[in-house]
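Hi everyone, thanks for having me.

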Amino acid sequence: MSFSFKLYSHLGEKFEDGQLLVDHLRGVAEIAVKTNRMHGLSEEISEVIRIICMCHDFGKASSYFQRYLRGEYNGLLKNHSEISAYFAYYMLPEKYKLLGFMCVKKHHGDMGDAIDLLSNNDDVQKIACDIKKGIIELNEIYGQNISGFFNRINEDSFLREPKKRFIEQNKKFKTEDLIWIEYLWSLLLTGDKTQLIRGSFYENKTGFREEQVKEYKDYTRNKLKEEKPGIEESAIFGIREEIYNEISESIKRIDISKERKYSVNVPTGTGKTLGVYGAAFQLADRINRESKGRIIPSIIYALPFTSVIDQNYDVLEKIIDHSKMVKSEDVILKHHSLTPLKYRTSENDEYKDYDARFCVENWQSTIIATTFVQIFNTLFKVGDNSIGNRFHKLAGSIIVLDEIQAVDPKYYNIIEEFFDILCNQFNTFVITVTATKPVFLNGIELVESNELYFKQLDRIQIENYTDKEVDINEFCGIVAKDIEENPDKSFLIVLNTVKSSQVVADYLGLNCIDKEILYLSTEIYPKRRLELINQIKDDNDTKYVLISTQLIEAGVDI
């Protein structure tokens, strides 16, 4: 028997005839539950998420909100989040009542201070009384008799209960509780906004194989052999192949049900990017197959600087092009502060303006190349709506932290604690990549022979000037003399501060007129930085003098 629903959740530009409240609630719940299942979390959590999503807009059933939609009312009684939060609190299992209340109450803003969040508004009882008039339709929406809620909401003790519970439990809260609320809130935000933008959930793509990376690697090696005959005899050429193969063999052997943190610690210039993409593709395929399709992983590749991300993403695009896969934003996505906000799917659907912004910032893609700033904001900007909506993407994902040595040691403990919880409870895998491994996020070393490679590539000669203090002017003189005495050499001068690097660049520009002097730091806008990097990389004849900062240390390929 059909039922004629009359309550609406939205009217306006996207829904000329209006969207029924029942359709919105069910759509949001379906998207969030399917997303949770894609990350491989339990059915218990799926049911909690379903309840939160079905309750989040309960307050829109009031006549005040219905009149507001039609432009007939704009008073405070139209507000729906708080009464919806109490309804979620009433409907949820005991263990999740408080978390669900907080998620629903702030699904239209930032979390803010918990005590303020849990303070109730006297209007909720008046709104509840009004909503009760439509109980027949609400019983149909929720598939059960919800009259018990209207009895509870009229009890002052019930209104005080969430805050009282928080105060009692506050000292018992742990980091994992924080992560769980971020995860649940993230899924609610993702479901709510995705239902309005796409109408269905974003599902990660499958079909990524290590062979795709290997084929591209072999193509570039053969091309290099044609361009530079005899290069295959060089030590570095063979070492790159050995390292790639060793990483691949290690991924085949590890027990992914027990080990979820890995390390690639090899010398600079040994092909880490291709090796790690090969490992990530191979690991994603294993996770999907061995979970019998239950987990469809994201690959999140993070690096310190935008210029390095641009280089890294260029490699990813070439791998995808070579394998003849569709190169759209729902397959691979570059996200940093200067990313153009455009989003096109492999079915050629294009999203614009706010919709494109949300899809990009929500990381609705399978492989995301991003910065440390973006991934650590996702982890630690707790309660920020504009960032927290993508927190769930960390679950069931392979997170690559390349150039991990760039992380400030003062953050090691908290990062380690978060990743331990994500790996143990949220099906997350972490690969750290560096030539200078810090004692941090230790995991299985995927290149067991790495010490041998470091010995084979002992390419550093240290000249020690620390017996006396050398000021910046003396340093400029030492460097200029070295450049003059070695006209057939290129030089890279790395300094600790932007100011000192500018002093050296100005000095050498005036005193080394026979050399091509280039300057690279975060003071140079990113597009120009990338142009300079490509200029150096593509020009094998000119002997450059490059003055830079620690920017160059974090994986820039020249």
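I'll start with the overall picture and then head inside to a cavity.

One thing to keep in mind: this is a predicted model. So what is the chain built from? We've got 23 helices and 14 strands in the protein chain.

Now, how much of the chain is buried? Out of 558 residues, 53% count as buried. And look at who touches whom: take the contacts between residues at least 6 apart in sequence, and 77% of those join residues at least 24 apart.

The accessible surface comes to about 26500 Å², and carbon and sulfur atoms account for 48% of that. As for charges, the chain carries 71 positive and 87 negative side chains. The centres of those two sets lie 5 Å apart.

Okay, let's go inside. Which elements give two or more residues to its lining? Those are helix 1, covering 21–38, and helix 11, covering 175–197. Helix 1 gives the most, with 3 residues.

If you want to find the spot on screen, click on some of the lining residues: among them are Ile31, Thr35 and Met38, plus Thr190 and Thr194. Further along in the numbering, the lining also includes Phe201, Tyr202, Trp363 and His392.

That's my tour, happy to take questions!

Terms used
Residues are numbered from 1 along each chain as its sequence is written. This is a predicted model: local features need pLDDT of at least 70, side-chain atom pairs count only at pLDDT 80 or more; totals for chains, interfaces and linings use all residues. Side-chain values use heavy atoms; hydrogens and water are left out. Helices (H or I, at least four residues) and strands (E, at least two) are DSSP runs, numbered from the N terminus. Buried means under 20% relative accessible area, exposed over 50%, partly exposed in between (1.4 Å probe, protein chains only). Contact means heavy atoms within 4.5 Å. Accessible areas come from the Shrake-Rupley method with a 1.4 Å probe; for residues, only the protein chains shown count as cover. Lys and Arg count as positive and Asp and Glu as negative; His and the chain ends are not counted. The place of a charge is taken as NZ of Lys, CZ of Arg, CG of Asp or CD of Glu. On a 1 Å grid over the protein atoms alone, a cavity is a set of points where a 1.4 Å probe fits but cannot get out, and a pocket is an open set with protein on both sides within 12 Å along at least five of seven lines; lining residues have an atom within 4 Å of a point.
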